[in-house]
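Keep the structure open as you read.

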Amino acid sequence: MKKKLIAAMLTVAMAAAMLSGCGGSGGNSTQSKTQEKPEDTADSGEAGETGGNTASEEDITLRDDLVYRVGFANIDDSDNCCYPAALRFKEYVESSEFAESIGVDKVETLLTDSAGDIEKQTTNVETMLTKGVDMMFIIGVDTEGNTTAVEQCNAEGVPVFMVGTEASGGIWKFVGFDETQLGRGQGRWCADNLPENTKICYLEGTPGREAAVLRKEGFLEGISQRDDLEVLSSQTGDFDAETAMQVTEDWIQAYGDEIGCIVAADGKMITGACEAVKAAGLSEQITTCGVVSVDDETYLVEQGDEDYAIFVYWPSIGTLCGEIAQKIYKGEQVDARTNIDLQDMTIDNVKELLSDS
């Protein structure tokens with residue numbers, strides 16, 4: 001009776017909603033021999049704002065039995081930001097509280113590691129679809145390449161959410177944070193706090209990566225209110241601590257006392273940069289501005305080596321994905337883009353921010 005009521009409620013939501021969707025119509029998930037039974041269909045949420053990547057009302061599959069299943073394709077389990085998010089998601093949706101809230105006995109998570117390989121990620125998504133999932137979350141390896149996996153989900157009628165990344169095609173919704181806002185926040189802080197005529201060295205992410213492009217654009221926009229601030233050099237640190245350390249060492253050799261601030265587009269790179277600055281004895285001269293995404297990146301702020309960071313806590317993105325999965329199962333609408341809040345972190349509030357996360 002409860003299952004029929006859930007399906008009826010979701011069908012009403014589907015009829016009432018306007019243009020929306022993260023999946024194709026109907027549900028073709030392969031049935032489990034022991035658990036999965038014929039499916040009902042229901043609304044997956046509202047339409048989004050990303051060009052051709054949203055579409056009309058789509059269906060989500062719900063099973064008649066009391067065991068549901070969700071898929072989560074991680075970009076790389078060795079990534080110190082994305083893997084904690086994936087684990088937080090798994091913990092959230094597999095909790096007894098989650099199952100009780102949606103009226104089932106159990107929810108299973110199929111969690112896969114793509115090891116940074118787009119072909120492997122595409123295969124992983126395909127495999128999860130054959131096992132039968134109600135929805136798919138993907139931390140994408142490649143914006144262009146992820147279109148294939150998204151379209152596979154669309155063809156099976158499985159709502160798909162891109163997590164912290166995007167896909168250039170297919171029907172999907174986004175969960176994560178605003179990359180441009182992250183860079184803009186760094187630039188705004190620099191504009192508000194750096195002395196007059198400060199020269200800045202900027203550590204970019206991996207060339208061509210969506211995050212690298214948008215964060216730099218946001219940063220340049222943020223400092224544009226100060227005509228006296230100068231970007232002395234902008235080079236890639238490849239989202240890697242050792243590479244960023246080497247680039248920073250080269251900058252110190254080339255520019256020496258001219259450098260007034262180093263800004264890095266992520267937590268790994270600011271770690272390498274801070275180490276190089278400290279080794280050169282320039283911590284008092286050079287202001288450092290970075291990103292904190294996980295617990296083990298906070299020590300630089302706590303000990304005063306990193307003057308400012310945008311706090312974008314990846315484990316909370318995993319929780320947010322779990323909350324969205326819960327809404328989908330309950331037939332509630334989900335926005336096209338759902339973001340966590342970005343916060344300013346300094347030595348004054350680092351412990352408070354962590355305790356609240």
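**A helix pair, then the cores**

In α8, Ala241, Ala244, Met245, Thr248, Glu249 and Ile252 meet Lys268, Met269, Gly272, Ala273, Glu275, Ala276 and Val277 in α9. Contact means heavy atoms within 4.5 Å. Helices (H or I, at least four residues) and strands (E, at least two) are DSSP runs, numbered from the N terminus.

The model is predicted: local features need pLDDT of at least 70, side-chain atom pairs count only at pLDDT 80 or more, and totals for chains, interfaces and linings use all residues. Residues are numbered from 1 along each chain as its sequence is written, and side-chain values use heavy atoms, with hydrogens and water left out.

Two packed helices are described by the angle between their axes and the distance between the axes. Helix α8 (residues 241-255) packs against helix α9 (residues 267-279) at an angle of about 40°, and their axes are 7 Å apart. Therefore α8 is oblique to α9. Axes are lines fitted to C-alpha atoms, for helices over the stretch in contact, and angles run from 0 to 180 degrees between N-to-C directions. Angles under 35 degrees count as roughly parallel, over 145 as roughly antiparallel, 65 to 115 as roughly perpendicular and the rest as oblique.

Now the interior. Nonpolar side chains tend to be buried together in soluble globular proteins. A nonpolar core is a set of buried Ala, Val, Leu, Ile, Met, Phe, Trp, Tyr and Cys residues joined through side-chain atoms within 4.5 Å. Buried means under 20% relative accessible area, exposed over 50%, partly exposed in between (1.4 Å probe, protein chains only). The largest nonpolar core has 73 residues, of which Phe137, Cys190, Leu203, Ile262 and Trp314 touch the most other members. Helix α11 (residues 314-330) gives the most to this core, with eight residues. Another core, of 17 residues, lies apart from it; Leu110, Leu129, Val133 and Trp172 are among them.

Two single residues come next. Asparagine 154 sits in helix α5 (residues 146-155). Asparagine 154 is buried, at a relative accessible area of 11%. Its side chain reaches the backbone nitrogen of isoleucine 171 at 2.9 Å. Valine 67 belongs to strand β3 (residues 67-74). Valine 67 counts as buried because its relative accessibility is 17%. The C-alpha atoms of valine 67 and aspartate 105 are separated by 5.9 Å, though the two are 38 residues apart along the chain.

Finally, the whole chain. The protein chain has 12 helices and 14 strands. Of its 357 residues, 56% are buried.

Technical notes. Polar contact = N/O pair within 3.5 Å; in protein donor to acceptor, adjacent residues only side chain to side chain.
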